[in-house]
Amino acid sequence: MGDYRLLRNSGVVVGIILLHLFSFASLVSSDELQFVVGETGEIQVTPSLEVKGSPGLKPDRTALCERIHIHGLRRFKHIDKYAHSLKLVVNASTAGKTSSIDVCFHRNLSRAIGMCPHSRWEKASKGLWVQTMSPFDHKILDVRVASSNKITLEVSAVEELFMYRIVFLILGAVLLASAATLSQSLAFYYSSAMAVGIILVVLLVLFQGMKLLPTGRSSFALFIYSSLLGLGGFLLRYIPGLFQSLLTEMGIDEEMYTPVAIFVGAFLSLGGAFFGFWTVRKLILTEDGSIDVSTSLFVSWSIRIMAAVLILQSSVDPLFAGGALISVIIMSLTLKRITSLKFLLSLYE
């Protein structure tokens with residue numbers, strides 16, 4: 001009985017201590033600046049807390065610091081923000097453009113204000129700092145001004161929708177669900193190999209043709225660089241001029257540009273298609289004309305890995321992207337089982 005009373009009294013004491021600690025934490029957090037995504041448009045911040053010995057500065061130098069808590073959206077209430085990202089902007093006033101402003105973006109609540117490691121501090125270029133984050137994340141923004149003069153900073157956030165992330169999600173889901181089917185389809189192998197063959201033939205011809213130009217292979221390097229960056233508009237303007245330059249170097253009249261372009265395009269397409277067709281026949285198909293089992297298994301898992309990468313890149317929020325990947329996997333497995341069950345039922349009938 002005495003032990004029971006002792007435990008009960010200890011529990012009461014621990015509860016009182018925890019209640020006081022919770023009240024103290026709430027009091028401290030209420031004094032700090034809060035930026036709520038979707039509710040707070042922008043806030044004006046004037047760093048005023050004097051911190052001495054901040055990492056990256058001289059030990060005897062005093063800096064003015066401030067902390068802002070960034071509170072993201074709730075995931076289940078804002079599923080429509082799946083493909084959105086949040087651009088956080090810290091902009092100094094005109095008087096603070098020339099001041100040394102450092103920003104530390106982290107999520108360590110136990111870290112004191114202004115005490116981020118030296119490697120975590122980022123310089124605000126000309127008083128402007130921009131960082132992209134998930135609109136559902138909760139982070140801490142520490143601002144440090146290495147000056148005795150108080151500077152006003154404006155903290156704002158802009159939500160951005162990226163349609164390519166939705167395309168990644170749809171394409172990844174389709175590839176993941178159809179990986180087994182595609183790995184056993186001759187049409188998929190022939191079309192993929194032909195497309196790759198056409199691209200390789202075109203690049204080979206461009207590489208050889210650009211040797212005739214005054215700029216030499218630097219034009220080819222520019223072409224590859226622009227392709228990697230996805231500058232489609234630049235390519236549409238660059239390739240016709242390149243083709244005309246090649247024809248001019250060969251001594252072909254301007255009236256023959258269109259017929260020659262059609263002939264060259266058809267020749268490259270047929271050449272690349274034949275290369276892809278030959279590759280499939282030699283490397284993928286067995287002697288009896290069926291698809292090699294090991295090749296099919298390798299291709300199916302390659303498609304699944306590529307699909308998983310696409311789905312994980314469909315959202316800037318890792319929890320949302322991971323949840324989407326798990327959901328797509330479960331749906332694809334369920335669909336596969338339903339299809340197998342229907343097939344077995346059709347056999348019994």
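Biologist: Which residues touch the most other members of the largest nonpolar core?

Modeller: This is a predicted model, where local features need pLDDT of at least 70, side-chain atom pairs count only at pLDDT 80 or more, and totals for chains, interfaces and linings use all residues. Residues are numbered from 1 along each chain as its sequence is written, and side-chain values use heavy atoms, without hydrogens and water. A nonpolar core is a set of buried (under 20% relative accessible area, 1.4 Å probe, protein chains only; exposed is over 50%, partly exposed in between) Ala, Val, Leu, Ile, Met, Phe, Trp, Tyr and Cys residues joined through side-chain atoms within 4.5 Å. Among the 46 residues of the largest one, those touching the most other members are I68, I70, W129, L141, L153 and V155.

Biologist: Is S134 buried or exposed?

Modeller: S134 sits in the loop between β8 (128–133) and β9 (139–145). Contact means heavy atoms within 4.5 Å, and beyond residues up to four places away in sequence S134 touches L86, V316 and D317. Its relative accessibility is 5%, so S134 counts as buried.

Biologist: Which residues does I70 contact, leaving aside neighbours within four places in sequence?

Modeller: I70 is one of the core residues that touch the most other members. With those neighbours set aside, its contacts are F35, V37, L88, F105, M133, D137, H138, K139 and L141.

Notes. Helices (H or I, at least four residues) and strands (E, at least two) are DSSP runs, numbered from the N terminus.
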